[in-house]
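Reader: Could you walk me through a few places in this model, one at a time?
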Amino acid sequence: MSDRLVTDVSVSSRPITESPLTERQWVRRGELLEAARRVFERDGYHAATVSSIVQLAGLSQGAFYLYFGDKKAVFAALQEEMATLLRRRIYWATRDESDPARRLEAGLNAYFEFYDEYRNWMRRLTVEGLGIDESFEARQVQLYETLAGGFAPTLGELGVRVPAVAAAALIGMAAQVAYWKHYQSQDGSSITAATLARACASLFLHGAASIQASQPEGDANA
Amino acid sequence: MPEAKEVFSEIENRIKSKPEKTAGLNATYQFDLTGESWTLKIADGAATVSPGAAQSPNTTLIASTDDWMNIATGKLNPVQAFMQQKLKVKGDMGLAMKLQGLLA
């Protein structure tokens, strides 16, 4: 078995030792989380209200407060749920890839696919999430550290001398490139996750001069 | 995409490596996927996975193999899958929800 990019992906916003929810509660909580994500994506954290969340979920304010103390709590729960999905995706995308270069690319591809799917949430998290308070920043730092810690052994296999620093830089690069694709480049949205992953892996391992002119497709200035 | 066997093997390994996550949990899960069934037995921090149906499962999860694999690999949110009836649960719902924390 090859080294894995993400070794601990079991984080969940509800620890297994908590009192179990009933089926109805589980579904209600899920409905609220989904509605909250859509409201945060649409309105942003600061403009979002509990009223707009429960309205979209078709539930009462009272139902909201059974599961979450306030808007901040539901945002925090979403932050953890989404981080779990991202870690899980990268883990399964890379766990059986023995070639480190391909493993690196597969991990980046999973990251960019996730960003494509949840672009609005990722934007809100990037732009607003870190400014809410230190606990949000701490969760994001934990996610970045987990991802970087998962990539570091692969970078070590590829001959990188200081894998920890390189992995931190890799995660930062991936986050910025994904943001650029969706929110800064005028035609970046046509670039596929696979093309972006290949370009970023090449850039990271061989330098910017190694990126082929045809990649990323649709934007020669990438 | 990994095979279902790998996902169940991963769950088994995770429980073995972190028995504290399932301390005190004794349960038999059955997974009815497309044309195949799997059994996961958890008892006091130990786990055993085997192909085939269980004799008396506490919880049975029913999904297409594709949907189950998407849930296990982070491509499909389990709650959304349940709400969309891509995932059905028979038996102890509390146990089914605990499984969410055991997926890799």
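Reader: Leaving out residues up to four places away in sequence, what does Ser64(B) touch?
Author: This is a predicted model, and in it Ser64(B) touches Leu33(B), Thr34(B) and Lys86(B) once residues up to four places away in sequence are set aside. Thr34(B) is 30 residues from Ser64(B) in sequence, yet their C-alpha atoms are 5.0 Å apart in space.
Reader: And where in chain B is Ser64(B) placed?
Author: Ser64(B) is in the loop between strand E4 (59-63) and helix H2 (65-72) of chain B, and its side chain reaches the backbone nitrogen of Asp67(B) at 3.0 Å.
Reader: Is Ser64(B) buried, exposed or partly exposed, and why?
Author: Ser64(B) counts as partly exposed because its relative accessible area is 27%, which lies between the cut-offs of 20% and 50%.
Reader: Switching to Thr39(B), is that one buried or exposed?
Author: Thr39(B), which is in strand E2 (residues 36-43) of chain B, is buried, with a relative accessible area of 3%.
Reader: Which backbone nitrogen does the side chain of Thr39(B) reach?
Author: That of Ala54(B), at 3.1 Å; beyond its neighbours within four places in sequence, Thr39(B) is in contact with several residues, including Thr28(B), Tyr29(B), Val49(B) and Ala54(B).
Reader: Last topic: in the largest nonpolar core, which residues touch the most other members?
Author: That core has 62 residues, and those touching the most other members are Leu32(A), Phe40(A), Ile53(A), Leu108(A), Tyr111(A), Phe112(A) and Trp121(A). Apart from it lies another core, of 30 residues, with Tyr29(B) and Leu95(B) among them.

How values were computed:
Residues numbered from 1 in each chain as written. Chains lettered and ligands numbered in written order. Predicted model: local features only at pLDDT ≥ 70, side-chain atom pairs only at ≥ 80, totals over all residues. Heavy atoms only, no water. Core = buried A, V, L, I, M, F, W, Y, C linked by side-chain atoms within 4.5 Å. Buried < 20%, exposed > 50% of the residue type's maximum accessible area, 1.4 Å probe, protein only. Helix = DSSP H or I, 4+ residues; strand = E, 2+ residues; numbered from the N terminus. Polar contact = N/O pair within 3.5 Å; in protein donor to acceptor, adjacent residues only side chain to side chain. Contact = heavy atoms within 4.5 Å.
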